[in-house]
Amino acid sequence: MSNDVSNSGSAARRLSVFKTYKLYVGGKFPRSESGRVYEVTDSKGNWLANAPLSSRKDARDAVVAARKAFPAWSGATAYNRGQILYRIAEMLEGRRDQFVREVAEAEGLSKPKAAAVVDATVDRWVWYAGWTDKIAQVVGGGNPVAGPFLNLSSPEPTGVVAVLAPQESSFLGLVSVVAPVIATGNTAVVVASERTPLPALSLGEVLATSDLPGGVVNVLSGRTAEIAAPLAAHQDVNAIDLAGADEALAKELEVAAADNLKRVLRPQPVDGSADWTAAPGIDRMTAFLETKTVWHPTGSLGASGSSY
């Protein structure tokens, strides 16, 4: 009896293997703690996949993972962080066809337009990779003071940043808000677009196979308002980017964030219609940096009159 499946006709009857999307937390791929999922559809309402419906417990677990990863990531050299971000761009380039398909389905774009979005997204990772060891020179430096003192300012990462990904730009917008956060040494808990979460969940697979340490980026999917509320109020979250919140939700989250000293970056513009194809600038990097200033006395050394 022949074992040639091509002769049996079974190839024609083969069933597709549907992808199971999972969260990305602490470098692992858990299902939602709640066991819940929700249907994700394309721009025409056709079913694409079931995505995990994250719970408050998932949000808290992601914060724990981000905090655990923060010391090592913030302590890495800026050059090393740049190498890792560039490696992520390499991995995305290798999976270009997959992301072109997912972006086309998620955003209702033609294949050529989706390909242009993916290419721009890869380029954005490279752009931020190049800034990791330069941003300190732009926003830090020596300060003129009146007195026998040496005064130096240098930027440091804020800490754990909750990021609400843009709702309409499922991939380019996502990377445009995540890359600047981690480029400067912060760790992130990312709430994917509620309507189009699949590119974000697939990005977790890329991050897991790159050199990025587990916990630096954690990706959650589900109802944006449900996940964002505990993150905004969480005492161990140091900042929150509200890019994916509408004006009503943004105000609600700002109130919740006021319970502790938390940086809040409001969506710009507030109606969520930001142009993510525009040149990014450095504003999203500086938004989540703190400035450390060091004072040191200066004085003469011996007869030469030199100072230090």
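Predicted model: local features only at pLDDT ≥ 70, side-chain atom pairs only at ≥ 80, totals over all residues.
Which residue of β7 is the bridge partner of V190?

**First stop: two paired strands.** Select V190 and V219: in β7, V219 is the bridge partner of V190. Next, display strand β6, residues 187–191, together with β7. The two strands run parallel and are joined by 4 bridges.

**Second stop: the whole sheet.** Strands of a sheet pair through backbone hydrogen bonds, either parallel or antiparallel. Here, 5 strands make up an open sheet with parallel pairing, and their order is β7-β6-β5-β8-β9. Select residues 217–220 for β7 and residues 263–265 for β9; these are the edge strands, each pairing on one side only. On average, neighbouring strands of the sheet are turned by 15 degrees against each other, direction ignored.

Then select residues 224–233, helix α9, which lies across β5, β6, β7 and β8 at about 150 degrees to β6.

**Fourth stop: a helix pair.** Two packed helices are described by the angle between their axes and the distance between the axes. Select helix α3 (residues 78–94) and helix α5 (residues 111–131): they pack at an angle of about 170 degrees, and their axes are 8 Å apart. Helices α3 and α5 are therefore roughly antiparallel to each other. To view the contact, show G82, L85, Y86, I88, A89, L92 and E93 of α3 with V122, W125, V126, Y128 and A129 of α5. The residues of this contact comprise 10 nonpolar, 1 polar and 1 charged.

Technical notes: Residues numbered from 1 in each chain as written. Heavy atoms only, no water. Axes fitted to C-alpha atoms, helices over the stretch in contact; angles between N-to-C directions. Parallel < 35°, antiparallel > 145°, perpendicular 65-115°, else oblique. Contact = heavy atoms within 4.5 Å. Nonpolar A, V, L, I, M, F, W, Y, C, P; charged D, E, K, R; others polar. Pairing = 2+ DSSP bridges.
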